[in-house]
Amino acid sequence: MIRNQWYGVLDSDEVKKGKPLGVTRLGERLVFWRDSKGQIICMKDVCAHRGTSLAAGTVCTDREAVQCPFHGFEYDSSGRCRLIPANGKTAPVPQNFHVEAYPSRESQGFIYIWWGEHREEYPNVPRFQNLAEKEFSYTLITDTWPVHYSRTIENQLDLVHLPFVHYNTIGRGNRTLVNGPIEQIRGNEILFWPRNTEDHGEKPLKQADFPAPDESSQHIHFIFPNLWQNWIAPSLRVAIVFAPIDGNHTRIYLRTYQKFIRIPVLKKLADLVMYRFSLKILRQDRRVVVTQLPDSSEKELSENLIRGDLPIISYRRMRESLKNSV
Ligand code: FES
Ligand SMILES: [Fe+2]
């Protein structure tokens, strides 16, 4: 894992007011809850008394606390225990009754946690670019894959697989020749423009053979550590958060956004059609990705990459550099 990053980990709708949610993310058992203002709070889901899951407890909104179900200890949003009922309401609580809290934020309908050292000030949470999400309607697909999140990301950076895995959907047309790839690196972001064509015996074109790309034509935009967007058209996008569960499981949150149909009844129909199409594509990917060995590209690899794999190569190179820089 890359330290000192904001990781997208949940859809905002998963954490309801008044109810703690327990999930495993980044290899830790975590509890999420909301305070009386609706602010998101995340802490380790292990009571400092005797290890019970706080997610099985209660949110006490009037006291801005989550209460352990076993012996009623209460923790505030910083993870400090404020009350040990057995010692009496007025008894001071020693400092060691504390669970670790993670800085957390919400952005564009997703929940992020900071994975790294605590700081005075944190960088901005990454955002899906050029996506004024309130203008769109969307459908959400969630799925858990039994692989490390690096494999799920690389799958969405893969230009070579399209005519094979997606031969009857987005890869239709037997466009096996991978031109370019046309790629731009911007800080911690990778953008690339698919230009696959049918193979008539010619060599693939190089990036320099194409005019400079811009963001008003279809492109893929990946933002470290785990956001991805397919900018298909001004009115159509697919956005994914690859939430790491642990070393070999990933929760995928895939939203298909559209704004080309706004009439309510037709909008529902369009959303449903796109949901089905996105689900079909994701299942096509899953079928092959879960067979890859090893299940993480962070492990020792005996792969042989080709020119068309450039976005994957860039991803691995940037990931290593980010891991080493913190
Ligand atoms: S285990 Fe949580 S209060 Fe005892
Ligand atoms: Fe795919």
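How many of the 326 residues of the protein chain, as a percentage, count as buried? In this predicted model, the share of buried residues is 51%. Buried means under 20% relative accessible area, exposed means over 50%, and partly exposed covers what lies in between, computed with a 1.4 Å probe on protein chains only.

Some conventions apply throughout. Residues are numbered from 1 along each chain as its sequence is written, while chains are lettered from A and ligands numbered from 1 in the order in which they are written. Because the model is predicted, local features need pLDDT of at least 70 and side-chain atom pairs count only at pLDDT 80 or more, whereas totals for chains, interfaces and linings use all residues; side-chain values use heavy atoms, with hydrogens and water left out.

The overall architecture comes next. The protein chain contains four helices and 18 strands; helices (H or I, at least four residues) and strands (E, at least two) are DSSP runs, numbered from the N terminus. The C-alpha trace spans about 80 × 50 × 35 Å along its principal axes. Contact means heavy atoms within 4.5 Å. Of the contacts in the protein chain with a separation of 6 or more, 59% are between residues 24 or more positions apart.

The iron ion (ligand 2) is coordinated by NE2 of H161, NE2 of H166 and two OD atoms of D285, at 2.0 to 2.6 Å. Donors are N, O and S atoms within 2.8 Å of the metal (3.2 Å for Na, K and Ca), and since water is not among the atoms, sites may look incomplete. Along the chain, the donors follow the spacing H-x4-H-x118-D. H166 lies in the loop between α2 (162–165) and β13 (182–186), and D285 in helix α3 (residues 264–289), so that this pair links distant parts of the chain, 119 residues apart. Both H166 and D285 are buried.

Why is the site of the iron ion (ligand 2) irregular? The angles among its four donor atoms run from 55 to 152°. Four donors count as tetrahedral if all angles lie between 85 and 135 degrees; four count as square planar and six as octahedral if opposite donors are over 155 degrees apart and all others between 65 and 115; anything else is irregular. For comparison, ideal angles at a metal are 109.5 degrees for four tetrahedral donors.

Helix α3 also holds Y275. Y275 counts as partly exposed because its relative accessible area is 29%. Leaving aside neighbours within four places in sequence, Y275 is in contact with T139, L140 and I141. Y275 and I141 are 134 residues apart in sequence, yet 7.5 Å apart in space, C-alpha to C-alpha.

In the loop between β18 (249–258) and α3 lies F260. F260 is partly exposed because its relative accessibility is 45%. Apart from neighbours within four places in sequence, F260 is in contact with S235, L236 and M274. F260 and K323 are 63 residues apart in sequence and 40 Å apart in space, C-alpha to C-alpha.

Another pairing involves two helices. The axes of helix α1 (residues 149–156) and helix α4 (residues 310–325) come within 9 Å and cross at roughly 140°. Axes are lines fitted to C-alpha atoms, for helices over the stretch in contact, and angles run from 0 to 180 degrees between N-to-C directions. In this contact, Y149, S150, R151, I153 and E154 of α1 meet I312, Y315, R316 and R319 of α4. Helix α1 is mostly covered, with eight of its eight residues buried.

A cis peptide bond joins G180 and P181, with omega about -10°, and P181 is placed in the loop between α2 and β13. N174 is found in the loop between α2 and β13 and has a positive phi of about 55° although it is not a glycine. The peptide bond from F224 to P225 is cis, with omega near 0°; P225 belongs to the loop between β15 (219–223) and β16 (227–233). L26, in the loop between β2 (21–25) and β3 (28–34), is not a glycine but has a positive phi of about 55°. L26 is buried because its relative accessible area is 8%.
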